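Work through the exercises below with the sequence and the structure at hand. Each task is followed by a solution in steps.

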Amino acid sequence: MMRFKNGLFRLFIAGSFLFAGSAMAGGEVPLASHRAVYDLSLKEIKQENGVQNVRGRIVMEVDNQCEGYVLNQRMLVQLENVEGGLVTSDFHLSTWEDKSGKSMRFSMSSILDGQSVEASDGVATLGENDGKVVFNGEDIDTKELVLPKGVLFPTAHTRIILKSAKEGKNLVSAKVYDGNGPDGLQDTLTVIGKKSFSDDWSDADQRMKEMPYWPVQFAFFDLKGQSNEPDYEVGLKMYENGVATDLTLKYKEFSLSGELVQLDFLDKNNCQ
């Protein structure tokens, strides 16, 4: 059985860049408050590591508040080995990010087979030349993390991706701190595909009909390593209002497919 590491469950933190972004100027569609549920299934086993099957679920909830975005996400994954043994991981991440992209509060926990393996919370801020993350709690060894100049939080990263997509650009490269504890800083490379429209939405999803989307591929690189190969990759269809579908989560050991099985819009306020 492969060894679990916290990075495994950052796969949808990548997707959260697409759910947590703020609306842009110029009359663009504001990103919607919504709750999305995705069922995960095994797509491919890439290496012989004892894994026989993987399944799980991701639940994302986004609240577009007037001063910032609240994002709550939970990812529950169960791995089965060739002997039939099961390993269950439960990952939670909650963030609040102001719409200027300069401040973020976060809380993260990772539970393996009912036992806590990692937890952290704190505040991240960005200044003109650099940034800083201050962690709370006695159980974490790292109390502060310095962020280099030019780092983005997920909201600002999304804004740049959407702006680039609308302008017909196809590459975005950035360092991003996502709130995932002391290891939350990564290099990212995003490839944006051609604008498209989908006919897959039912009559119950009227606001999604005629909504444009872009195929997006994220590659995430460990800043501590020297490899040109990404740590993991995430692919999805990114809609203009922040809804994502058709997830593909790629790791060195295996890849997963994520199917959107439930989508509820949360009309809480009129914030843009």
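Lys175 has a relative accessibility of 32% and therefore counts as partly exposed; buried means under 20% relative accessible area, exposed over 50%, and partly exposed in between (1.4 Å probe, protein chains only). The model is predicted: local features need pLDDT of at least 70, side-chain atom pairs count only at pLDDT 80 or more, and totals for chains, interfaces and linings use all residues. Residues are numbered from 1 along each chain as its sequence is written, and side-chain values use heavy atoms, with hydrogens and water left out.

**Exercise 1.** Decide whether Arg55 and Glu80 are buried or partly exposed, and describe their contact.

Step 1. The two side chains form a salt bridge, 4.0 Å from N to O.
Step 2. This bridge joins strand S2 (residues 51-64), which holds Arg55, to strand S3 (residues 68-81), which holds Glu80; the two residues are 25 apart.
Step 3. Arg55 is partly exposed because its relative accessible area is 36%.
Step 4. Glu80, at 18% relative accessibility, counts as buried.

**Exercise 2.** Which residues are linked with Glu167 in a network of salt bridges?

Step 1. Glu167 and Lys163 meet in a salt bridge of 2.5 Å, N to O.
Step 2. The network consists of Lys163, Glu167 and Lys169.
Step 3. Glu167 is partly exposed at 42% relative accessibility, and Lys163 is partly exposed at 44%.
Step 4. For the whole structure, the search finds nine salt bridges.

**Exercise 3.** Identify the residues of the nonpolar surface patch that includes Val191.

Step 1. Patch residues have over 30% relative accessible area and no salt bridge; like charges are joined within 9 Å, nonpolar side chains (Val, Leu, Ile, Met, Phe, Trp, Tyr) within 5 Å.
Step 2. Val191 is in strand S10 (residues 185-192) and is partly exposed, at 38% relative accessibility.
Step 3. Leu171, Leu189 and Val191 make the patch, of about 240 Å²; accessible areas come from the Shrake-Rupley method with a 1.4 Å probe, and for residues only the protein chains shown count as cover.

Terms used:
Helix = DSSP H or I, 4+ residues; strand = E, 2+ residues; numbered from the N terminus.
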